[in-house]
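Have the structure open and work through each task before reading its solution.

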Amino acid sequence: MFKKNFLLCSIIVLFAANIFITSCSKKENDNTISSNSNTSEKDNSLQKVLDKGVFLYGNCPEYPPFSSINNGGNIEGYDVDFANYIAGKLGIKSEVKNTPWESLIVALNQGQYDAVISAITPLEAKSAGELVDFTIPYIQLNEIIITKKDNDAINSKSDLADKIIGVQDTSSAAIAADLLESQGIKVKEIKRYDRNANAVADLNNGRIDAVVVGEAYAATQASNDPNMKIINDPINSADVVIVLRKGEEELKNALNKAIEEFKTSEENKSITKKWIPFRS
């Protein structure tokens with residue numbers, strides 16, 4: 001009898017334990033689903049932009065032909081036309097916010113706009129703040145050299161050895177200049193400026209021998225100044241991306257899709273021909 005009762009009690013205990021484990025397992029699964037659902041709901045970055053009906057982005061309009069201020073006081077350039085295309089693919093309009101270069105990432109993280117579109121590279125974005133993410137590249141540019149037209153001593157990047165060169169600080173050009181030594185080219189000095197325009201001014205005044213800049217800026221500078229020449233010997237290549245706040249995956253995915261379409265579109269050819277004709 002004792003054995004029968006013991007066996008019966010054991011079966012009951014095991015049955016109850018099985019129900020408890022199954023129940024706990026189901027509850028855990030339910031919590032996981034709920035947690036995943038909440039995580040998905042938290043990332044409403046795309047919906048926020050769509051609800052506003054405006055894709056607002058920060059831009060420093062000091063880098064023609066990517067962006068500059070025209071005679072009417074409006075920002076224009078490759079990045080502006082590109083942003084219009086991207087916003088159109090989202091079914092909304094774009095709006096640009098004029099922002100100093102050094103404040104672009106700070107203002108993004110403060111929520112002042114949805115993204116940064118300003119001829120910016122991933123390295124530049126990361127150097128300004130860790131709480132950022134970025135899209136796939138929408139264009140790639142080389143970092144090259146500009147110098148005075150009458151400077152016969154500089155005809156390639158190797159000729160920068162023992163020379164004083166200028167760069168805009170915290171830019172992809174500055175990163176490229178820092179790579180020269182690893183390429184066996186030891187310059188005399190790298191002078192760092194707040195803006196490319198300040199470096200070019202020192203170049204014109206004979207205080208430095210050359211400036212390292214992006215090829216688009218170099219082409220614009222050379223076309224506007226007959227005393228300037230381009231040394232088209234790339235020091236480095238840099239991807240240009242849209243910068244976002246970290247964790248905004250929904251918005252990033254939508255922008256990546258639009259960029260993929262842009263790369264093969266007729267609008268891309270048209271915008272490139274308009275602003276960067278040497279690339280078309």
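**Exercise 1.** Find which residues lie nearest the centre of the largest cavity, and which elements line it.

*Solution.* Start at the centre: of the 20 lining residues, Tyr63, Ala119, Glu143, Ser172 and Gly214 lie nearest. On a 1 Å grid over the protein atoms alone, a cavity is a set of points where a 1.4 Å probe fits but cannot get out, and lining residues have an atom within 4 Å of a point. Next, the elements giving two or more residues to this lining are strands E8 (139-148), E11 (210-214) and E12 (228-245), with helices H6 (172-178) and H8 (215-224). Helices (H or I, at least four residues) and strands (E, at least two) are DSSP runs, numbered from the N terminus.

The model is predicted: local features need pLDDT of at least 70, side-chain atom pairs count only at pLDDT 80 or more, and totals for chains, interfaces and linings use all residues. Residues are numbered from 1 along each chain as its sequence is written, and side-chain values use heavy atoms, leaving out hydrogens and water.

**Exercise 2.** Describe the residue classes in the lining of the largest cavity.

*Solution.* Sort the lining into 12 nonpolar, six polar and two charged residues. Here Ala, Val, Leu, Ile, Met, Phe, Trp, Tyr, Cys and Pro are nonpolar, Asp, Glu, Lys and Arg charged, and the others, Gly among them, polar.

**Exercise 3.** Which element gives the largest share of the lining of the largest pocket?

*Solution.* A pocket is an open set of grid points with protein on both sides within 12 Å along at least five of seven lines. Its 14 lining residues include Trp101 and Asp169, both among those nearest the centre. H5 gives the largest share, three residues.
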